[in-house]
Amino acid sequence: MIDYILVLDFGGQYAHLIVRRVRELGVYSELLSVDGTQLEVLKEAIRGARGVILSGGPSSVWEGKHDEIARIIIEEGKPALGICYGHQLLARVLGGVVDKARKPEFGPTIVSIKARDDPLFNGIIETIVVWMSHNDAVLEPPPGASILAVSQGSPVAAFKYGNIYGVQWHPEVVHTMFGLKLIDNWLKIVGVERSWKPEDMVGKLVDSIREAVGDGLAIAAVSGGVDSTTAALLAKRALGDRLIPVVIDHGLHPAGEPWGSVELLRKVGLDVKVVKADDRFFEALKGVVDPEEKRRVFGRVYAEVLEEVAEQHGAEYLVQGTIYPDVIESGGRPGSSIIKTHHNVAGLPRGFKLKLVEPLKWFYKDEVRRIASRIGVPKEIIRRQPIPGPALAVRIEGEVTREKVEVVRKADAIVREEIEAEGLQDRLWQYFAVLTASKATGVKGDRRAYGYVVAVRAVISVDAMTASIARLKWELLERIASRIVSEVPGVVRVVYDITSKPPATIEWE
Ligand code: XMP
């Protein structure tokens, strides 16, 4: 196992960002949810880690819920950094006083660093604006600890006790000045090597697939996106002819797909079989309106088709391109095997018969792209924007019909063409059209027309965990709007989505 920093998730909304930052700084890191994980698993993960970061969380430390965890970290002598709730938890278990803050602090807050000679604050100025979000505060430090920083609402905004640090603010959030620097300093204090490069993991990933599948046969569900293609190519290296790559034609692909991808995949040695199943998907999606239900129905039919294909070939494994953000959402664990017999990622139903092989499940998208590049995945695929598993089904509000798929597909093709004609494709994370459930009035050919409203979405992001809107030029947006209204029958209006993530998500459903 490589050296890693364990981030214990106490339910804080920014916990995953801590992992992100540590990896950006060249150290492998994993998130482990404290609630719902067995104590033994937690202990093992703590023991194996070079250092532990305790995240924020919604509880109050005097509930005593997590004292045991803090004690284990202290007894193991692990270097630790507590953030927000984690800071309060460590302070309390070490004998400090935590209570309601005299002044709760939310959002940008001024902090005074009192111990600028401490290595945690190396290169950080004395007065900084940081992101806070807390009702409780450490009012008195643990006996023997030193106070490193203060703010109006936090008499102990940061403390140090041996190799344990706590900070009340969130260094992982971009709004915090010197946030990344503080984490960088802490990693230096821990002394962990900065050797994490996702692309160096190729050999290990291939070995782990070989080990997981043994002499068996595996199918790989490939969509032509970077995740599934990379997973399948790794599996191809591991298994050779014992890998059967398939593309399922569910009838909900964007324009030109899946055949465009099939050609590219064959060029890189993935001899994919195309399984036509569009009628089944449309039949099952009839009358389904709720977005989550759509995902479940899509997942169920997808699973059935895969099980049938596997049965025809006598395969018992399925290679999937699940990536870390999906795992975080479904509560991943470090150290667990790369095979799960059932899971809730991508909507596969419980009781799914195939054993899952998910070689990319510890990587962020940008890391997957680096691995992809190392193993020769074509640039067109690496740069391709993500398409959600249920594809256009979740870009049509309301019931999915063949007619609506045609509408959104045509509108989407225009968005792509125009954005790519401007050469913006590499600067944007995603750009696409959504067929909304709204209808509006327009005038077409001197007649009143009542028809669809299409929304255009374009965002900038590093890993889809957060996203900001793309400030496209008006001229470009106008061109897109006028082409969609004149070229796509049934559409009378086009709107541009100007909401960032959070609070919105990237997809509409
Ligand atoms: P959201 O909409 O949650 O999307 O901000 C984040 C990223 O994930 C993609 N996405 C999906 N991918 N199955 C997938 O494989 C899905 O159900 C799904 N929903 C969203 C989305 O396109 C964006 O890149």
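In what order do the nine strands of the open sheet lie? The order is β2-β1-β3-β4-β9-β8-β7-β5-β6, and the pairing is mixed. Strands here are DSSP runs of E with at least two residues, helices are runs of H or I with at least four, and both are numbered from the N terminus. Two strands pair if DSSP finds at least two bridges between them. The model is a predicted one, so to speak of local features takes a pLDDT of at least 70, side-chain atom pairs count only at pLDDT 80 or more, and totals for chains, interfaces and linings use all residues. Residues are numbered from 1 along each chain as its sequence is written, and side-chain values use heavy atoms, with hydrogens and water left out.

At the edges sit β2 (28–33) and β6 (127–140), each pairing on one side only. Strand β5 (residues 97–113) runs antiparallel to β6, and twelve bridges join the two. Here V98 stands opposite V138 in β6.

Now for the ligand. Polar contacts are pairs of N or O atoms within 3.5 Å. A polar side-chain atom of E507 lies 2.5 Å from a ligand oxygen, and a side-chain N or O atom of K501 is 2.7 Å from an oxygen of the ligand. A backbone N or O atom of G389 lies 3.0 Å from a ligand nitrogen.

Terms used
Polar contact = N/O pair within 3.5 Å; in protein donor to acceptor, adjacent residues only side chain to side chain.
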